[in-house]
Amino acid sequence: FFIYMCFPSAVYVGKMDAAVTQDDGKMQKSTNKPNFVPENNEDPASESGHDETQHDFVLDFVQKELGGDLKSLKNVAELLEKVRAEKEMLEEQVNSHRRTCLLTCSSVLQHLQEAEPWVDELCQNIDHVDTMERSMRYMQCLQHIEELSDRIQQCLMTNSVWEAIDSVAAMATLDAGLQASSCLHLQGFLRATLRFWHKIIKDRLASDFEELLTLLHWPSISPPMQPLAPPANAQEISSQLDLLVSQLMALQTSDDLISEKALTTLPGVPQASPLSLPVQVMVLPLTKRFRYHFTGNRTTNSLGKPEWYLTQILMWMGNNSAFMDDKIQPILDRTGSNVNARVELCRGLLSLAQEKLTHDLPRLLYDDTLFCHLVDEVLQFEKELRSTHSYPAALPGLLHIPLEDATLQKWLTVERKMALEKVDSMLSGEGAWSCQYRDISDVDELKAPDCAETFMTLLLVITDRYRALPCSRAQLKFLDLQRELVDDFRIRLTQVMKEESRSPLSPRYSAILNAANYISTVLADWADNVFFLQLQQAVVSLGEVEAEGGRPVLGPMEAGRLASLEGSLFESLLALLDRLRGDMIGRLLDTVMKDVREKAQLYRQDRWLSLPSQCDQATMSLSSSACPMMLCVRDHLLTLQQRLCGPLFQMAWQGLADRLNSFLYQDVVLYNHFNEGGAAQLQFDMTRNLFPLFGHYCKRPENFFKHVKEACIVLSLSIGSALLLRDLLREALEGRQALNELGVYRLAPGDVLILLNLRASWPGQ
């Protein structure tokens, strides 16, 4: 009864404490509640733990107050009153705490309401101070700009060019620092002021520099026939040149800053850094000459003669490169700038060609002849630019411009059209299937017909044309075109082969086979070429290559093989060509074997049971019935060797040997019975006549006739050895060992028993 009365009261007190603290809103729960009161948000496992704690607490409490004596139960009423008094005291404390909290919250809210106007006023004051500070900094910046502007003006009036350049550089630094500012009007004012003073100083220096260049006979329009005599005041001119170039280079920072927005980029040409100021001035007279001759209605401005202006650009580069190296480069080195004078001149002149090419290209998209001529000239120009003039590969040339979508598509279309026209022409020519090197054995190893050699030369020319392209995606599109052309040529070979399939022994059929092998060999070599390996890595990095219609050319499996270098870019084409080659060789050997079978009929039906033994003959000679077959085999081998290239002939004679081995074993050996003389004659015909026919092409020809060779061994055994062997063959292990000792490895024991039964000379027979 005591436990029932005390425990709920304790729980009630704990719940009252939690309820009061919860009503206070932001106040935390009281920490004075008994530790046996469970939290409302605890999980069942936690509540179970609290129940055990409460149970232990009550037991300890009862043990402490009442002890183990039952007589002490009379004190329960007194203990109950004590607990109730404690409960009332706790409730009073809770209520008092709650009233205090309510009063505190009310006081805080009243204070916040009273302080709100002060906070608003303080925020306004802070905003006002911030505005004043920004306005002050704005005015200070304006004042600084005005001071720099005044200083530049004074320096120019006193001809203090270096001080003026320093002030312009300081103004440029300020301009760069304001790029992230939102003060657009201030930025515009500063940029306009900088541009104003920069132009004045630049024009003054450029004017002096142009006059000085005239004294130095710049530019050189044509190659100098003889060195010019130095002027009398050469030392003074050299000092002035050094001064002007240095001052122009010091003005480069502000020029680059101004040129950021004024710089126009041609379509397809990556944006490069602005041209250095000295070279900008030096290129001006050449620019005037170029535009005079190659724009407007001048006869030199011809769409059909792009080589005129491209050659002129290259000539100017070559004629003036020595001046840049001897006169300008040392000054640039002394200024500490990382600028190559010759490369800068090439950049300046190249911009003229880029501008001209960009203007002319759209007008040539509908004329295939002029377009092809332009592309050829651009490729030649690019080659000479990179090689002769050492123009860095990292800088854009002219090849970026034809890589625009419309122009590149036109280029691919024209390449495809002209390539197919050349293929049609070469296949219809009289000497398409003849070899121009057929009389030179050491040169004509592959015996490629003219059409195949011309076709691969065509592909090689296409490769050379797109090898220099600066874009991997464009190179892969040309690669896709090459793959398409190879597949088209393979289909044409297949069609011609089907026309010749009725006579596989004709020279044209062999030429087709040589053509397929030649193309396959060249493509296999290309697959290991560094350039195509780089394209292979480009395929992996760029993902699947897309054809014209948007279809993926390379699937995920093929792309994975390319990434691991297990496959190649021509793997699928090589597989198709190998299939064509194998099919053609199969048809060729079928025809040869048909002829051999016809010539071997007499040999197949020879009197093998009644031939005299070897001891009854003075000398062994080839069977008369075998002569037609042997001559047929010999003639076909010689013809194939003359017409087929080395690798194909090796495949052909090995395939013929395999088929002959099967034919002789099945249709001659197993078809007949042999006495001792017949077995000896068969072995003589094979080992002394047939095998040597193939001995010209390998050291051990008998290895290609294992069935026939081992059959001859079995049939030629003496009677005793044959009987012993037959008994041993009944035991698998000993029989196999005995066969190996005789040199029989290919034939199974069952086959040997069949051969032993073909012997006619057994005891009792």
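Arg467 lies over the face of Phe531, with 4.6 Å to the ring centre. This comes from a predicted model, so let us explore it step by step.

**Exercise 1.** Find which aromatic cluster Phe531 belongs to.

*Solution.* Start from Phe531, the ring that has Arg467 over its face. Phe531 forms one aromatic cluster with Trp411, Tyr466, Phe478, Trp526, Phe532 and Phe570.

**Exercise 2.** Work out the geometry of Trp653 and Phe704, and decide whether each residue is buried, partly exposed or exposed.

*Solution.* The ring centres of Trp653 and Phe704 are 4.9 Å apart and their planes stand at 70°, so this pair is edge-to-face. Trp653 belongs to helix α21 (residues 646–669), while Phe704 is in the loop between α22 (676–694) and α23 (706–715), 51 residues apart. For accessibility, buried means under 20% and exposed means over 50%. Trp653 has 3%, so Trp653 is buried. Phe704 has 28%, so Phe704 is partly exposed.

**Exercise 3.** Find the ring under the charged end of Arg604.

*Solution.* Look at Tyr671: the charged end of Arg604 sits over its ring, 3.7 Å from the centre.

**Exercise 4.** Describe the backbone at Asn159, Lys447 and Pro219.

*Solution.* Take Asn159 to begin with. Its phi is near 60°, a positive value in a residue other than glycine. Asn159 is in the loop between α3 (76–157) and α4 (161–177), and with 56% relative accessibility it counts as exposed.

Next comes Lys447. Its phi is positive too, about 50°, although Lys447 is not a glycine. Lys447 lies in the loop between α12 (405–427) and α13 (450–466). Its relative accessible area is 21%, so Lys447 is partly exposed.

Last, turn to Pro219. The peptide bond from Trp218 to Pro219 is cis, with omega near -5°. Pro219 lies in the loop between α5 (184–215) and α6 (234–250).

Technical notes: Residues are numbered from 1 along each chain as its sequence is written. This is a predicted model: local features need pLDDT of at least 70, side-chain atom pairs count only at pLDDT 80 or more; totals for chains, interfaces and linings use all residues. Side-chain values use heavy atoms; hydrogens and water are left out. Helices (H or I, at least four residues) and strands (E, at least two) are DSSP runs, numbered from the N terminus. Buried means under 20% relative accessible area, exposed over 50%, partly exposed in between (1.4 Å probe, protein chains only). Rings of Phe, Tyr and Trp (its six-membered ring) pair if their centres lie within 6.5 Å; planes under 30 degrees apart count as stacked, over 60 as edge-to-face and the rest as tilted. A charge sits over a ring if NZ of Lys or CZ of Arg is within 6 Å of the ring centre and within 35 degrees of the ring normal.
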